[in-house]
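The following paragraphs guide a new reader through the structure shown below.

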Amino acid sequence: MLEIIDAKQHPPTEEQARAFARLISADEQRRWEYSSEGVSEPGAVYFFAVVLPARPDQEVLLAVDGQEVAGMVAFRRRPESYEQHCATLGIGVAKGYQRRGVGTKLFQAALDLAHRCQVKRLEIDCFSDNLRAIGLYRKMGFVEEGVRRQAVYKDGVYRDVLLMARWIGEED
Ligand SMILES: CC(C)(COP(=O)(O)OP(=O)(O)OC[C@H]1O[C@@H](n2cnc3c(N)ncnc32)[C@H](O)[C@@H]1OP(=O)(O)O)[C@@H](O)C(=O)NCCC(=O)NCCS
């Protein structure tokens, strides 16, 4: 059964950390990432054991299916004091689990986490031709705020990045 875990409060097993590395290093994910580099399995084990616990500004939620990792959301608060109410999200769902509501569940868990952390504004960005991601973000109430034209150079091409955000604080 699929379960969403907060990787800081419930650290993944070594097997799950390795599965996380395979998820985010898969061609399917790297195609939509700005950087083409993946993460090694030992690198992911170290990240969850040492790096993440030492980062107060960063959280990771994992959708786990036993020892398999179906998806992840990375949540990072902005560092500057005047932006502490803002956090940035990044999401990925493994190919075999896509279109089954995992992304939606991860997003809902990220919204709950944001409320618990008193975050009021969530931001997310993606390549402007990533229609699946844009569909998910719209469904979760995010709106387009602008485009950083030709902002990312990848595989020999300058690509546009779409900025989206959602206000989750109280209204004026
Ligand atoms: C984008 C992504 C996270 C969506 O995850 P998912 O678990 O498949 O999403 P869900 O099943 O919860 O679907 C939520 C919504 O996303 C949109 N969506 C998802 N897959 C889609 C597809 N193949 N075509 C069109 N829209 C799609 C739809 O709006 C969908 O809502 P609906 O089911 O009511 O139509 C997943 O496709 C993915 O990991 N893609 C590769 C990595 C990536 O693009 N990451 C984000 C940018 S870095």
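Helix H5 (131-139) gives the most to the shell around the ligand, with 6 residues. This model is a predicted one. In total, 23 residues surround the ligand, and the closest are Gln-98, Gly-103, Thr-104, Gly-135 and Leu-136. Besides H5, the elements that give two or more residues to this shell are helix H2 (27-30), E4 and H4. Sorted by class, the shell holds 8 nonpolar, 9 polar and 6 charged residues.

Strand E4, which takes part in this shell, also belongs to an open sheet of 7 strands. The order of the strands is E1-E2-E3-E4-E5-E7-E6, and the pairing is mixed. Strand E1 (2-6) and E6 are the edge strands, each of which pairs on one side only. On average, neighbouring strands of the sheet are turned by 25° against each other when direction is ignored.

E3 and E4 are antiparallel and pair over 7 bridges; Ala-74, for example, has Gly-90 in E4 as its bridge partner. E4 and E5, by contrast, run parallel and are joined by 3 bridges. Here the bridge partner of Thr-88 is Glu-123 in E5. E6 and E7 run antiparallel, with 8 bridges between them, and Arg-148 has Val-161 in E7 as its bridge partner. In a regular strand, side chains alternate between the two faces of the sheet.

H1 lies across E2, E3 and E4, and runs at about 80° to E3.

Leaving aside neighbours within four places in sequence, Leu-61 is in contact with Ile-4, Asp-6, Ala-7, Met-72, Val-73, Leu-106, Ala-109, Ala-110 and Leu-113.

Arg-99 is placed in the loop between strand E4 (86-93) and helix H4 (102-116). Although Arg-99 is not a glycine, it has a positive phi of about 65°. Is Arg-99 buried or exposed? Arg-99 counts as exposed because 9 other C-beta atoms lie within 10 Å, and the limit for that class is 12 or fewer.

Asp-155 is a second residue with a positive phi that is not a glycine, here of about 50°. The loop that holds Asp-155 runs between strand E6 (143-154) and strand E7 (157-167). Asp-155 has 7 C-beta neighbours inside 10 Å and is therefore exposed.

The loop between E3 and E4 holds Glu-83. Glu-83 has 12 C-beta neighbours inside 10 Å, so Glu-83 also counts as exposed. Where Glu-83 and Arg-121 are concerned, 38 residues separate them in sequence, while their C-alpha atoms are 9.3 Å apart in space.

Notes. Residues numbered from 1 in each chain as written. Predicted model: local features only at pLDDT ≥ 70, side-chain atom pairs only at ≥ 80, totals over all residues. Helix = DSSP H or I, 4+ residues; strand = E, 2+ residues; numbered from the N terminus. Buried ≥ 20, exposed ≤ 12 C-beta atoms within 10 Å, placed from the backbone. Contact = placed C-beta atoms within 7 Å. Pairing = 2+ DSSP bridges. Axes fitted to C-alpha atoms, helices over the stretch in contact; angles between N-to-C directions. Near = placed C-beta within 6 Å. Nonpolar A, V, L, I, M, F, W, Y, C, P; charged D, E, K, R; others polar.
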